[in-house]
Amino acid sequence: MAETPPRALTIAGSDSGGAAGLEADLRAMTACGVHGCVAVTAVTVQNSLGVSGVHLVPPETVAAQVRAVVTDIGVGAAKTGMLASRDIIDAVADVVDEVGIGRGTDRTPFVVDPVAASMAGEPLLAEDAMEAIRTRLFPRAALATPNLDEVRLLVGVTVTDAATAREAAEALHALGPRYVLVKGGHLHGSPEVVDLLFDGERTWEFSGPRIDTPHVHGAGDALASATCAALARGATMPDAVASAERYIRRAVAESYPLGAGVGPVSPLWAVHAHE
Amino acid sequence: MDARTPPVALAIAGTDSGGGAGITADVRAFAACGVHGAVAIAAVTVQNSVGVSGFHAVPPDVVADQIRTVAGDMGVDAAKTGMLASTEIIEAVVAAADEVGLGTRVPFVVDPVAASMHGHPLLAEDALDAVRTELIPRATLVTPNLDEVRLLVGVEVTDDDTAREAARALLDLGAGAALVKGGHLAGSADVVDLLVTADGTERAYSSPRRDTPHSHGGGDSLASATTAGLARGLALPDAVALGKAYVTRAVEHAYPLGAGHGPVSSLWSVADWEHGD
């Protein structure tokens, strides 16, 4: 028998193609040595070419999953992915308050990955749900992790360089998260990917060479999940993000083609193929 | 096909919010066995180590659409079923399975999940008939535990002879092969799983019984790892051997979680990538 590992919870949608969403979350959490729990918010019909259908889970079932996990199993950190609707966001905001997940140092760390845009940059959420992310989730977030499309949708800043990244970080931080990570991966054309972490005063930069691959499906989910896993293991926020950045760089480097469209980042290098 | 692309396995099953069984166990077993895992979610359960306190069934057409959209784009090298919840979902799965060749061109493992390890029903009573008449006839391999054997074919397995009798009864329902899992036969020193195929091949897989209450997700993991082996092109007896080796290791590394039954573990398969490689 083994010792009970740290636990982390993802509150997210499923991707039938297995590249992103809670499937990417579970694999990243496993690869980071953490037991992953799930509260499913939506079931997407999806492959490498895109999303062709979405079935929403009732908000009370989403909340019941969070409650069942936290009250019995206990978690060291939680994250959100696709929350799909205003009603689901409201249910999540209420239940995290109830079970002690949130922003403050006295709460279980809450990572909000504000999944709001498709890989093509198209909005995935109605405006009332975007508003709920700003007003109900961000004030509860220990960390918010938008990509540049989500930054634009959330605070109206178009990031093109270090100065606009800093401007975006300040606008996002003003919405309430304790830390903000502005992810530069969608800034095409730059030879480096720079992610900027900001706590309202200090900044940390995580940079590395841009890896030339179209197969980056699930990268954002995996980064947020690996951060969440490191928080569950007790890391400080800057250390947790640094650990997740190491994980995601390797996962992008080892990504693979799948189907006719965009393939996934890979967790497979982190497990021994079992023989 | 690009050399970097791994084989693809598909799990058609329910989620377990506690992360021990169902789709969560499937996704981890697929990754640990080196295949890309795709999913068709049939149900969302509200569950922890103590039991199942609620579930939401996904509409049957959404279950079928997930199967079609995965198979039509990325292709599926092997598929498995877990919790399918209702007759309507089973019928939708069977229709989509026939369309995309599960059970004919593509190996199809049917794990006839009927109840949680705590005894909570995960399948409507009238759905057992659909498992017998619709699902099992399409199965390359059916993998019931002893409780499911009793429900499906009415055989009480107590030894090798009754295990063989149960396997033959499952083959009579139309399965290509049956793996009768002895894990629920408390009291025996070893866990013996018996594989019998329609062409008469027999093979027993034995592992020492572990004295642990933490075996949540063991059945799912065995079926998923076997499915991963089939997706990688292994012959059925070898795929089952891979599944058995994986679950034996996963049970050895099982851990306590919550107030009830903890899960079998896939964490032993993870490299220590943060320190070193």
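Let's start where the chains meet: the contact draws 57 residues from chain B and 52 residues from chain A, where two residues touch if their C-beta atoms, placed from the backbone, lie within 7 Å. On the chain B side, α1 (22-32), β2 (36-47), β3 (52-57) and α2 (60-73) each supply at least two residues, and β2(B) gives the largest share, nine residues. Helices (H or I, at least four residues) and strands (E, at least two) are DSSP runs, numbered from the N terminus.

This is a predicted model, in which local features need pLDDT of at least 70 and side-chain atom pairs count only at pLDDT 80 or more, while totals for chains, interfaces and linings use all residues. Residues are numbered from 1 along each chain as its sequence is written, and chains are lettered from A and ligands numbered from 1 in the order in which they are written.

Now turn to B:Ala42. Leaving aside residues up to four places away in sequence, B:Ala42 touches B:Ile12, B:Ala13, B:Gly14, B:Val58, B:Val63, B:Met83, B:Leu84, B:Ala85 and B:Ile89.

Finally, look at a helix pair in chain A. The axes of α3 (residues 86-99) and α4 (residues 127-137) of chain A come within 9 Å and cross at roughly 15 degrees; axes are lines fitted to C-alpha atoms, for helices over the stretch in contact, with angles running from 0 to 180 degrees between N-to-C directions. α3(A) and α4(A) are therefore roughly parallel to each other, a label for angles under 35 degrees. A:Arg86, A:Ile89, A:Asp90 and A:Ala93 of α3(A) meet residues of α4(A) including A:Asp128 and A:Leu137.

Methods:
Parallel < 35°, antiparallel > 145°, perpendicular 65-115°, else oblique.
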